[in-house]
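Have the viewer open and follow along.

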Amino acid sequence: HTAYRRQRQMCIRDRYFCLTIKFTMDIFLLTIGFLCVMLGLIGSFLPVLPGPLTSWLGLLILYFTSIVPMNYTFLGITLAIAILIWILDYIIPAIGTKRFGGSKYGVYGTTIGLLIGLFSPIPFGILIGAFLGAFIGEILHDKTNTKRAFNASIGSLLGLITSTTIKFSVALVYAFLFFVKIWEYNGEFF
């Protein structure tokens, strides 16, 4: 408490110095928030980065500036949406497999293929992993019905594309919200 009082007294004596420090920190936080929002958009397509969660982190950092007042309700709702989308990202491809006639083996194969594809160093590993996982799971279930295995694999691929589209849409909305908030307070930032 005493350190805060000393800092406040110093700021009163040298207002220019304090305003410069505060402005520099706000610009730094704004830049880091912008980078997180952009990484969130990219992360919607890359399996390594959770797109909406990374974009939400950019929103959170924006609210840590001294200019934008904290809004816990807004941040809580957007965090809940980001977490829900992150969870659905792993469920939707399995639902696609099931919708296209896949068995539980195809669903398990899709999930295992997604996880293997996530950590594989090959390009489009997550797409290939989901497709092959569903196909192999269905073949293990019924070796004679390759058409069903192929259809389940297509369902897995469509589910993954759907999931990516949803992630990108949410990350895009978060980027829009980020820029709207900057525009709202542009007089204080710039």
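In this predicted model, K181 and E184 form a salt bridge, with 3.3 Å between the closest N and O atoms. Both residues lie in helix 7, three residues apart, which is about one turn of the helix.

**The K181–E184 pair**
- K181 has a relative accessibility of 18%, so K181 counts as buried, the cut-off being under 20%.
- E184 is partly exposed, its relative accessible area being 47%.

**The K167–D89 pair**
- A salt bridge joins the side chains of K167 and D89, at 3.3 Å from N to O.
- This pair links distant parts of the chain, as K167 sits in helix 7 and D89 in helix 4, 78 residues apart.
- Both K167 and D89 are buried.

**The R148–E138 pair**
- The side chains of R148 and E138 meet in a salt bridge, again with an N to O distance of 3.3 Å.
- R148 is partly exposed, with 25% relative accessible area.

**How helix 4 packs against helix 7**
- Two packed helices are described by the distance between their axes and the angle between those axes.
- For helix 4 (residues 72-99) and helix 7 (residues 146-184), the axes come within 6 Å and cross at roughly 165°.
- Angles over 145 degrees count as roughly antiparallel, which means that helix 4 is roughly antiparallel to helix 7.
- The crossing of helix 4 past helix 7 is left-handed.

**Who meets whom in that contact**
- On the helix 4 side, the contact residues are F74, T78, I81, A82, I85, L88, D89, I92, P93, G96 and T97.
- On the helix 7 side, they are A152, G155, S156, G159, L160, T162, S163, I166, K167, V170, Y174 and L177.
- By type, the residues of this contact divide into 13 nonpolar, eight polar and two charged.
- D89 of helix 4 and K167 of helix 7 are among the contact residues, and these two also meet in a salt bridge.

Notes. Residues numbered from 1 in each chain as written. Predicted model: local features only at pLDDT ≥ 70, side-chain atom pairs only at ≥ 80, totals over all residues. Heavy atoms only, no water. Axes fitted to C-alpha atoms, helices over the stretch in contact; angles between N-to-C directions. Helix = DSSP H or I, 4+ residues; strand = E, 2+ residues; numbered from the N terminus. Parallel < 35°, antiparallel > 145°, perpendicular 65-115°, else oblique. Left-handed = near helix turned anticlockwise from the far one by under 90°. Contact = heavy atoms within 4.5 Å. Nonpolar A, V, L, I, M, F, W, Y, C, P; charged D, E, K, R; others polar. Salt bridge = Lys/Arg side-chain N within 4 Å of Asp/Glu carboxyl O. Buried < 20%, exposed > 50% of the residue type's maximum accessible area, 1.4 Å probe, protein only.
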